[in-house]
Amino acid sequence: MPLSEHEQRLLEQIERALVDDDPKFASSVRTGDRRLKARRKLQLGALLVLIGLGLLIGGVAKWIPLGVVGFLVMFAGAALAVLNYRSATGAPEQASGAAPGASGPAGRGRAGKARRQPLKSRLEERFRRRYDQ
């Protein structure tokens, strides 16, 4: 459902006030595809793995400390790639107006199943059931 003109004006005023009050926060919460940053980090991680592998091989052949540095660079690149893999390849986050059960790229294989509740909610529910009995 689209916003009315009055609601759009209010939203624009709120956005302007936010940018005026805290521009750093406003720029961090702007809408955009976060997958692009994650993809860049994934590519950087892969590049670091290759550079680290080259340093490792060069270090083993000539100078051992260079090999150690190469291993550390390779490890850091692999960690960077692994930590950003899910964000880089996943579907964009759903907007607040989207239905949580809507099937999309992220819902493959899980269509029709409800999202699992967080552990805290499940534990609280178990406690309530036991307490009520």
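The legends below describe an overview and several close-up views of a predicted model of one protein chain.

View 1. The predicted model holds 5 helices and 0 strands, and the elements follow one another from the N terminus as α-α-α-α-α. Of the 133 residues in the protein chain, 10% count as buried, and the chain exposes about 11700 Å², with carbon and sulfur atoms supplying 61% of that area. Among contacts between residues at least 6 apart in sequence, 52% join residues that are at least 24 apart.

**View 2. Confidence along the chain.** The mean pLDDT of the protein chain is 76, and 74% of its residues reach 70 or more. Confidence is lowest in helix α2 (residues 23–28), where the mean is 73, and highest in α3, where the mean is 87. Over residues 93–109 the pLDDT falls below 50, and beyond near neighbours in sequence this stretch has 6 contacts in the model. Where pLDDT is low, the predicted coordinates should not be read in detail.

**View 3. Helix α3 and its buried residues.** Helix α3, spanning residues 35–61, has 27 residues and reaches 39 Å from its first C-alpha to its last, which is close to the 39 Å expected at 1.5 Å a residue. Within α3, the residues Ala38, Gly45, Gly52 and Gly59 are buried, and what covers the buried residues of this helix includes α4 (64–89).

View 4. Asparagine 84 has its place in helix α4, and it counts as buried because its relative accessibility is 13%, where the cut-off for buried is under 20%. A polar atom of the asparagine 84 side chain lies 2.9 Å from the backbone oxygen of leucine 80.

**View 5. The salt bridge of helix α1.** The count of salt bridges comes to 3, and one of them joins glutamate 12 to arginine 16, with the closest N and O atoms 4.0 Å apart. Glutamate 12 and arginine 16 are separated by about one helical turn, because they stand 4 residues apart in helix α1 (residues 5–21). With a relative accessible area of 41%, glutamate 12 is partly exposed.

View 6. Glu124, Glu125 and Arg128 are linked in a network of salt bridges. The side chains of glutamate 124 and arginine 128 meet at 3.9 Å, N to O, and since these two residues are 4 apart in helix α5 (residues 119–132), about one helical turn separates them. Arginine 128 also forms a salt bridge with glutamate 125, where the closest N and O atoms are 3.8 Å apart; this pair likewise lies in helix α5, at a spacing of 3 residues, or about one turn of the helix.

How values were computed:
Residues numbered from 1 in each chain as written. Predicted model: local features only at pLDDT ≥ 70, side-chain atom pairs only at ≥ 80, totals over all residues. Heavy atoms only, no water. Expected span 1.5 Å × (residues − 1). Buried < 20%, exposed > 50% of the residue type's maximum accessible area, 1.4 Å probe, protein only. Contact = heavy atoms within 4.5 Å. Polar contact = N/O pair within 3.5 Å; in protein donor to acceptor, adjacent residues only side chain to side chain. pLDDT = per-residue confidence, 0-100. Areas by Shrake-Rupley, 256 points an atom, 1.4 Å probe, with all protein chains shown as cover.
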